[in-house]
Amino acid sequence: MASDIPQRRLGPSGLLVSAVGLGCNNFGRPGTKTETIDGTRAVLDAALDAGVTFLDTADMYGREPGLSETLMGEALEGRRDRFVVATKFGHFGRDMGYVPSGAKGSRSYVRRAVEGSLSRLRTDWIDLYQLHTPDPETPIAETLDVLADLVREGKVRYIGHSNLAGWQIAEADYVAAAGRGIPFVSAQNHYSLLARAAEREVLPAVERFGLGFLPYFPLHNGLLTGRFSRENAPADSRIMRQRPHVWEEAPWDALESYQEFCAERDITMLQATFGWLLSRGPVTSVIAGATSPEQVTSNAAAATAWSPSADDLAAIDAMFPLPEDPAAKV
Ligand SMILES: NC(=O)c1ccc[n+]([C@@H]2O[C@H](COP(=O)([O-])OP(=O)(O)OC[C@H]3O[C@@H](n4cnc5c(N)ncnc54)[C@H](OP(=O)(O)O)[C@@H]3O)[C@@H](O)[C@H]2O)c1
């Protein structure tokens with residue numbers, strides 16, 4: 001099937017990525033159809049068919065750490081070069097068993113992590129290799145230095161980061177500019193209509209340093225798709241299986257106004273959510289997760305379904321305002 005999904009350049013890199021990507025943390029997730037190789041392959045087939053060619057995973061994703069990459073490696077066999085594959089290393093919260101202890105941005109850790117990901121993904125190269133969470137122990141110069149070596153060796157094409165604060169994004173850029181490694185090309189942080197805190201420090205830093213931006217939890221785990229209401233929460237959803245607080249604590253007044261806003265424009269909530277994210281300057285690709293071929297197909301179609309006007313954006317701001325910053329009070 002021919003694809004209408006625009007391709008966008010990721011920050012200052014030479015990578016072109018589909019404006020709707022696929023978050024792959026559902027691959028190997030217990031209780032989903034994508035827990036298995038068949039379910040994973042079905043979603044990747046649908047993604048390719050719809051033009052969703054940018055995949056984002058991490059070494060730690062899956063029932064056992066590494067399972068998402070392992071399933072992807074098997075499903076991508078013979079067609080690896082049709083996708084742009086991003087993965088991550090060094091999440092503070094999950095032990096990959098690479099080194100008995102030690103800092104996850106360190107030279108020795110990153111060396112082992114990259115070999116693990118390359119082997120599970122059954123590939124010679126990673127298109128975008130991302131530091132998953134900041135490492136408070138290792139100077140960023142050391143992490144950038146080993147990542148630069150991986151790029152020179154051809155194991156990695158570009159490097160990105162995730163969950164960095166604005167000041168850490170600035171620090172990394174200045175350290176790279178001083179010749180200690182190569183610059184990151186992308187940032188990945190929590191961002192959606194219901195989580196706009198990145199607009200304070202992170203997005204201004206992303207714009208100032210010319211990075212591509214990849215919002216994670218862009219659909220707020222599925223809450224912003226229109227599948228949920230105040231009265232109804234599907235039991236077979238990720239939210240109700242694993243994160244019921246997302247539904248229990250949802251701001252239903254705002255979400256019901258959003259539903260009305262969509263009905264007035266004859267669009268679905270899913271289309272509005274993608275349209276809003278893709279209109280935000282620094283957002284390069286919306287890496288939404290999917291647990292079925294149908295989800296990835298409708299997410300792909302949402303890429304071009306609706307673009308908000310200035311009035312639409314103002315109305316959305318009124319429904320989902322950026323919460324007041326307590327630190328701004330003098
Ligand atoms: N860097 C980080 O620290 C970090 C943290 C979290 C996530 N991520 C990345 O960001 C990606 C996206 O986040 P996410 O997958 O966790 O959350 P998300 O994209 O906000 O939500 C994904 C969920 O939304 C539902 N969904 C997707 N398309 C749908 C459709 N068309 N109609 C109805 N429901 C739909 C599915 O729920 P059901 O499962 O209920 O079917 C799916 O699992 C991840 O896969 C991962 O790559 C990164």
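In helix α10, the buried residues are M269, L270, Q271, A272, T273, F274, G275, W276, L277 and L278. By buried I mean that 20 or more other C-beta atoms, placed from the backbone, lie within 10 Å of the residue's own. Contact here means C-beta atoms, placed from the backbone, within 7 Å. And the element names come from DSSP runs, numbered from the N terminus: helices are H or I with at least four residues, strands are E with at least two.

A word on what you are looking at. This is a predicted model, where local features need pLDDT of at least 70 and side-chain atom pairs count only at pLDDT 80 or more, while totals for chains, interfaces and linings use all residues. Residues are numbered from 1 along each chain as its sequence is written.

Now let's step back to the whole chain. The protein chain has 12 helices and 10 strands. Its radius of gyration, taken over C-alpha atoms, is 19 Å, close to the 20 Å from the globule rule for 330 residues, so the chain is as compact as a globular protein of that length. That rule is 2.2 Å times the number of residues to the power 0.38. Buried residues account for 46% of the 330 residues. Of the contacts between residues at least 6 apart in sequence, 76% join residues at least 24 apart.

Next, please find strand β6, residues 126-131, where 5 of the 6 residues are buried. Strand β5 (residues 84-89) runs parallel to β6, joined by 4 bridges; strands count as paired when DSSP finds at least two bridges between them. Here K88 stands opposite Q130 in β6. Strand β7 (residues 156-162) also pairs with β6 in the parallel sense, over 5 bridges, and L131 stands opposite H161 in β7.

Finally, the ligand. Which of the 29 residues around the ligand come nearest? They are G23, G222, S237, R238 and G289; a residue is near if its C-beta atom, placed from the backbone, lies within 6 Å.

How values were computed: A residue is buried if 20 or more other C-beta atoms lie within 10 Å of its own, exposed if 12 or fewer, and partly exposed in between; C-beta atoms are placed from the backbone. Two residues are in contact if their C-beta atoms, placed from the backbone, lie within 7 Å.
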